[in-house]
Amino acid sequence: MKNILLTGLVLLFLLPAFSQDKKTLTASRISEAPVIDGALEDSCWVNADFATDFTQYDPVNGANSAYHTRVRVVYDDHALYIAADMQDAFPDSILRELGLRDNDNLNSDYFWVTISPFNDGQNESMFMVSAGGVETDARLQDDFDDSSWDAVWKVKTAITQTGWVAEMMIPFSALRFPKTLGNAWGINFWRRVRRSRETSNWNQCDKAIGSNALQSGLLEGIVNVKPPLRLSFAPYFSAYTEHYPYNIPGMDNLSTYFNGGMDLKYGINESFTLDMTLIPDFGQVQSDEKVLNLSPYETKFTEKRSFFTEGTELFTRADLFYSRRIGSTPRDYYTAYQNLSEGESIHSADRENKLLNALKISGRTGKKTGLGLFNAVTSPSEAVITDSLSKTRDVVIQPLTNYNILVADQSFGRNSYLSLINTNLWYQDGKNLENVTGTEFRVSNKSNRYSISGHGAVSQCWSQGNDVEIGHKYQLNAGKTSGKFQAFLSNYSLSDTYDQNGIGYLSRNNVFQNSFNLIYNIYNPFWKLLYIVNSVSLNHTNLYAPREFSEFSVNAHTNFTFKNYLTFDFSGYAIPSESFDYYEPRKDGFFYRKSPEYYFGGWISSDYRKTIAIDAGWDYISQQTDDNQNYFGWRISPRLRVSNRMLLTYRFRKEESLHEKGFVTNTGDVIFGRRNVTRYTNTIEARYIFNIKLAATLRVRHYWSVAVYDDYFILDPNGYLLDCDYQGAHDLNYNSFNIDMGMVWRFAPGSELSFVWKNVIDRYTDQTRLDFLSNFEDTWSSQQLNTLSLKVVYYLDAMRFRRRQIENSN
């Protein structure tokens, strides 16, 4: 690996640099701001410099756009103003489906701008609007978007006789820019014509280079702008009514409660921003997609709370932060059940830690140095235990807890960086403390075609007292990482004592893996295809300690789209020899021998421009065993666009694992079972958009999984399964049912009123012989939690009040 990295460094410095003549646009300073009405009739637009001559990004990368576009930029002391005139010979055919904010995949034409005040080729802000007026904004880092970031800005669109127009006002308070102005900003303008599937941009972006931010044009002329006061408040008030049939004396089935708190944003200086949430309320966030997990690995849930998804790009370095740890199940929740004395039971217990407050400070200096601080505090969680005499006692199942992250990131060159990050978990009782320090880096040559990248971390975990366990991880990658043909080597190592699960997520440690990856992509149309991407990888995996062989696999993947926009995706892998699973036994020193395994799967997606579109897919896994162990799953998802306002989507998935063998229990002996597992998932989604400010949504999901055992075995120390007379009962029937229905009214910029109904059923039984309808009836008749909530958020901008005071004084 050392020789590989040295060779890579030589290549970085010897290979020729990539050179691109960047287009330049000059922004004009104006004395009177235009009216943002989509008319483009204000005098400031008449003599303003304009960007034109767009080139295609899709379908023919680098070809001239088939549509004429002109974009003008002006500014004053408070904001940047953008006017885009997008000509179209058939304005009646411009698609303009309506949708929720931050939906960039509507059946609609789009215009957007990406802005990088520091022009570092890595960090951008994106402001996008559809032809129907639906806003989307995002923070981009290395072309990965954080669409949960919501800025307060204005935009209006209009269909004209010659096409459509978009008029934007982007306050400087929504941007971070250096105090000393005069240097050019990075900027690019983009247009998507949905009916022809053409995406074009002003400054050409070559797909083979791999970084769009690196290929932005330049915006000059912005001078004498003082960074504005960036201070805003978003107080909220919410009311909840909740019903659950406890049917316990002294406990009401119906409860009502109220919450209040506030989000605050403050621009510490021109580059750094403080985001704080005080007593937040996440009760209206979409329900988690729970599953029956029989594996040794923790289920990882998607983060949907806006505070933990917005502006967190710095905190993702070295993959150390899993925000769902904050406000999750209390540390000792299950231990409380296990430690009950005879005659005791849990009367009530906090299922989630309550978040008291959280803050983020982040930004980037004019010298491309990024700094970030994250801190969150959760209050103590308790369980109430009753005994046979109805006496109660309180048990703390998680004390006051502090989560802390510090990060520093230095960008250099055109697409290179070095980061340092530290995460720290502290419990008030001094138990289970964790400290992890890591780094992440990328060094690219000037063409961005060759790079060396990687990350690493050292963990320190204190379980009791001063006893500390230290572990480490690292990953190194080197090779050609852009262009049609790519090839790179990777080495990934996790020590057997490494642990980042206090604040991060780690499914398993004790891994040592080497990989070789080949990629070949064709970006422009040929034959009947628009593009095709292909990859092959070889992976050799061992334990870290002892360095025992675990698995060798070959993986392949291809994805291509026909010119009629029918997309296919195929993937497969082969584990051609016997492999060794050291995790499924869940006992140190044991492993399970697995027969050769083969997988083939794929999916197909039709053209979403059509009124009716269908996605479908399948997965098949075969293991070379005497009892024909295999897995087969299939899925289908039709979608119906009833109108530009209404969309209906249905998703069905069925999975069957036959003769699957896995861990059951540890009785001193490790007991495995042979089981048949069947899973059904049905999801219905609907949305109706009354207008761009008022929308209603519905999501119904039913997940059903049944595991039926027909034989049990003892796992011997050599990894073989031996017959035994174990007679345990472990059949499972699990149902998860959720309804999320809501209506949101965005009555002012940054302000909204939302009403949500949530229904939750979470049920385990041992009744495994039910058919689908009988199981659904049984699930629907079980205990369920129903919640109605009303929440109002009002956005207050200190700068707006200051301007009003100045105007009134004059």
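The legends below describe close-up views of a predicted model.

View 1. Two elements, β37 (612–623) and β38 (630–641), each give two or more residues to the patch. The most comes from β38, with four residues. Ile612 is located in strand β37, and its relative accessible area of 55% makes Ile612 exposed, since exposed means over 50%.

**View 2. The largest nonpolar core, with Phe127 among its members.** This core has 37 residues, of which Phe111, Val113, Phe127, Met168, Ile170 and Phe189 touch the most other members. Two or more residues come from each of β5 (69–75), β6 (79–87), β7 (110–116), β8 (123–130), β12 (163–171) and β13 (185–193). Another core lies apart from this one and has 30 residues, among them Phe307, Ile405, Val436 and Leu543.

**View 3. Contacts of Phe127.** Leaving aside residues up to four places away in sequence, Phe127 touches Phe111, Trp112, Val113, Ile115, Thr136 and Asp137, among others. Its contacts also include Trp149, Ala151, Trp153, Met168, Ile170 and Leu175.

**View 4. Salt bridge between Asp150 and Arg101.** The two side chains meet at 3.5 Å, N to O. Asp150 sits in the loop between β10 (144–146) and β11 (154–160), and Arg101 in the loop between β6 and β7, so that the pair links distant parts of the chain, 49 residues apart. Asp150 is partly exposed at 36% relative accessible area, and Arg101 is partly exposed at 21%. Both residues belong to a network of salt bridges that also links Asp102, Glu135 and Asp137.

**View 5. Salt bridge between Lys661 and Asp627.** The closest N and O atoms of this pair are 2.8 Å apart. Lys661 is in strand β39 (residues 646–666) and Asp627 in the loop between β37 and β38; the pair links distant parts of the chain, 34 residues apart. Lys661 counts as buried at 14% relative accessibility, and Asp627 is buried at 17%.

**View 6. Salt bridge between Lys594 and Glu597.** Here the closest N and O atoms are 4.0 Å apart. Lys594 counts as partly exposed at 24% relative accessibility, whereas Glu597 counts as buried at 10%. The count of salt bridges in the model comes to 37.

**View 7. Aromatic pair of Phe321 and Phe374, among the 46 aromatic pairs of the structure.** The pair is tilted, at 5.2 Å centre to centre and 55° between the planes. Phe321 lies in the loop between α2 (306–309) and α3 (333–338) and Phe374 in strand β21 (residues 369–378), so the pair ties together parts 53 residues apart in sequence. Phe321 and Phe374 are both buried. One aromatic cluster contains them together with Phe282, Phe307, Phe308 and Phe315.

**View 8. Aromatic pair of Phe549 and Phe580.** The ring centres are 6.1 Å apart and the planes lie at 80°, so the pair is edge-to-face. Because Phe549 lies in strand β32 (residues 549–562) and Phe580 in strand β34 (residues 579–581), the pair ties together parts that are 31 residues apart in sequence. Phe549 is partly exposed, with a relative accessible area of 25%, whereas Phe580 is buried, with 16%.

Definitions and conventions: Residues numbered from 1 in each chain as written. Predicted model: local features only at pLDDT ≥ 70, side-chain atom pairs only at ≥ 80, totals over all residues. Heavy atoms only, no water. Buried < 20%, exposed > 50% of the residue type's maximum accessible area, 1.4 Å probe, protein only. Core = buried A, V, L, I, M, F, W, Y, C linked by side-chain atoms within 4.5 Å. Contact = heavy atoms within 4.5 Å. Phe/Tyr/Trp six-rings, centres within 6.5 Å; stacked < 30°, edge-to-face > 60°.
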